[in-house]
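Student: Could you walk me through this model before I set anything up with it?

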Amino acid sequence: MGRSRRTIPEELLLLALDPATGTTAQPQSLDLGLAGAQLVELALAGRIAPDGDRIAVVMARPTGDPTLDSALELLRRRGSPVRAVHWIGGPRLGLRQIYLAHLERCGMVHAVSGHMCGVLPTTRYQATDTAISRDIRARLDSAIRTGVPPDPRTAALAALAHAVGLGKHLYPGNEGRSSRSRLRDLIRHDPMGGLVAHAVMDVQNGVAAQPRRGGQGPGAAPDNGSRHAAAAGVPMQPHHGAMARAVAHH
């Protein structure tokens, strides 16, 4: 894939990163969103494809991105398509910390060590180039303001931002209410993004898994009445050595 394009997990994390505090908004749900963002990015790279509410590996060749390739290999080892909700809701070592370390290695953020109450060690993260975050935000703002259907990457990013609850972080207060509503509506513009965004919300809501009803085929938007819960037996994300030092406190 190279480094000419930022991945959706990277952009989602940069959106969530508060430039004033160096911490991430919605840290618990952000792990789920990053897992979903990996699925969207792998789909855009032609490595996986939706099969109803399941995800199937269609090309096992590595992308060149180590974090995405770890997820791709775990999906490949499953041997059969896995429900998006089961993958996203499965036990994993925090993707937020893994991606913070990844962004630091890529030079997109730098870690700032400190102490809470003068005692507890903390690590906060500052973007090294704020223009990147502004560009990401501008794409969302443009899609919300103009109403023009966004490209699949922006639509998927918007869907995931809504799913993890970043709307109030990006568009706070009463004045941001209409923007939050339009952010939510962007979910319909990308079937894969919509599938994983609904799966993220289903995991958070703890709704029991139900098979998809009707004749919805690959790539169809998920049925809002068909909700899924986290299930046991989903492989964990691999541990990265840099993860231990990449813990952001809130």
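Predicted model: local features only at pLDDT ≥ 70, side-chain atom pairs only at ≥ 80, totals over all residues.

Student: How many helices and strands does the chain have?

Tutor: The chain has 10 helices and five strands, and buried residues make up 50% of its 250 residues.

Student: What share of the contacts comes from residues 24 or more positions apart?

Tutor: Such residues account for 70% of the contacts in the chain, counting those with a separation of 6 or more.

Student: And the surface, how much of that belongs to carbon and sulfur atoms?

Tutor: Carbon and sulfur atoms hold 54% of an accessible surface that comes to about 11100 Å² for the chain.

Student: Switching to helix 7, is it mostly covered or mostly open?

Tutor: Helix 7, which runs over residues 152–163, is mostly covered, with 10 of its 12 residues buried; among them are R153, T154, L157 and L160, along with several alanines such as A155 and A163.

Student: What covers those buried residues?

Tutor: The cover includes helix 1 (8–16), helix 2 (27–44) and helix 6 (130–146), and also helix 8 (167–170), helix 9 (177–185) and helix 10 (191–205).

Student: How far does helix 7 reach from its first C-alpha to its last?

Tutor: Helix 7 reaches 16 Å, close to the 16 Å expected at 1.5 Å a residue.

Student: What happens at the start of helix 7, and what just after it?

Tutor: At the start, a side-chain oxygen of D151 comes to within 3.1 Å of the backbone nitrogen of R153, while just after the helix G165 takes a positive phi of about 90 degrees.

Conventions
Residues numbered from 1 in each chain as written. Heavy atoms only, no water. Helix = DSSP H or I, 4+ residues; strand = E, 2+ residues; numbered from the N terminus. Expected span 1.5 Å × (residues − 1). Buried < 20%, exposed > 50% of the residue type's maximum accessible area, 1.4 Å probe, protein only. Contact = heavy atoms within 4.5 Å. Polar contact = N/O pair within 3.5 Å; in protein donor to acceptor, adjacent residues only side chain to side chain. Areas by Shrake-Rupley, 256 points an atom, 1.4 Å probe, with all protein chains shown as cover.
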